Amino acid sequence: MKSYGQLCSIARALDVVGDRWTLLIVRELLIGGELRFGEVQRGLPGIATNLLTQRLRDLETNGVVIREPSSGTSGTPTYQLTDRGRALDGVLRELLRWGAPTVPDAPSDAIFQMHWLSQPARFLLKDHRPDDPAVVIRFGTFDDGFDLTAAGGTITVAPCQRDASPLAAITGPGPILVALLQGAMPLPIAIAQGVHVAGDAATLTRVLPPPPPASTNVPGQYN
């Protein structure tokens, strides 16, 4: 395995998670929990199968990922983060904070998957009406999405649950959804630019940032 060979905790950490794709594999497992190989690969468009196999093997060797035999008849094993792997959540949160101002400048052909928004949603959205009954808002679909729950002043996100009863379901273009979650675009303008809300659109006002002044472009704030 490649190593910087330095007696430095930063270099030692990068020996484990500094290779290309590695932290994005961690992102997928933080979002999805326990995933099969193909499910991890779907969230990493462009990665070669043999490279993903190697990265998962390296993460397993370093105690970041655990590979579990299949509990069903498919024979397909699953991957999930260990406690040490889940501790990288804070690292990814800081990368979210650091990278947020660069998102508006992403190439126009940048790939977008809805479930990737679940991580910034955890930090950007807030329950502004904590005394109201709990609500579930669905972003995307079962194939690519997440459920956001606002309850008692807290926000939680999870993969879409079949037994959930969302009051609203949101789909739309990635750049517009990002601007909406960051508070850089009010909901009516987002809808005019392609965001579709099925169900009770007013439910979104419970969790979205307050709309910015008309002349202000507000970057994401991960507080």
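This is a predicted model: local features need pLDDT of at least 70, side-chain atom pairs count only at pLDDT 80 or more; totals for chains, interfaces and linings use all residues.
Residues are numbered from 1 along each chain as its sequence is written, and side-chain values use heavy atoms, without hydrogens and water.

**View A. The largest pocket.** A pocket is an open set of points on a 1 Å grid over the protein atoms alone, where a 1.4 Å probe fits, with protein on both sides within 12 Å along at least five of seven lines; lining residues have an atom within 4 Å of a point. The lining numbers 40 residues, with Arg 27, Val 103, Ile 111, Trp 116 and Val 178 nearest the centre. Helix α8, a DSSP run (H or I, at least four residues), supplies the largest share, six residues. By class, 30 are nonpolar, nine polar and one charged.

**View B. The second largest pocket.** This pocket holds about 470 Å³ of space. Among its 18 lining residues, Leu 35, Phe 142, Asp 143, Asp 144 and Pro 159 lie nearest the centre. Helix α2 gives the most, three residues.

**View C. The open sheet.** Five strands (DSSP runs of E, at least two residues) follow the order β6-β5-β4-β7-β8 with mixed pairing, where a pair needs at least two bridges found by DSSP. Strands β6 (154–158) and β8 (196–199) are at the edges with a single partner strand each, so one side of each lacks a neighbour in the sheet.

Terms used: Ala, Val, Leu, Ile, Met, Phe, Trp, Tyr, Cys and Pro count as nonpolar, Asp, Glu, Lys and Arg as charged, and the others, Gly among them, as polar. Grid points are joined across faces, edges and corners, and a volume is the space filled by probe spheres set on the points.
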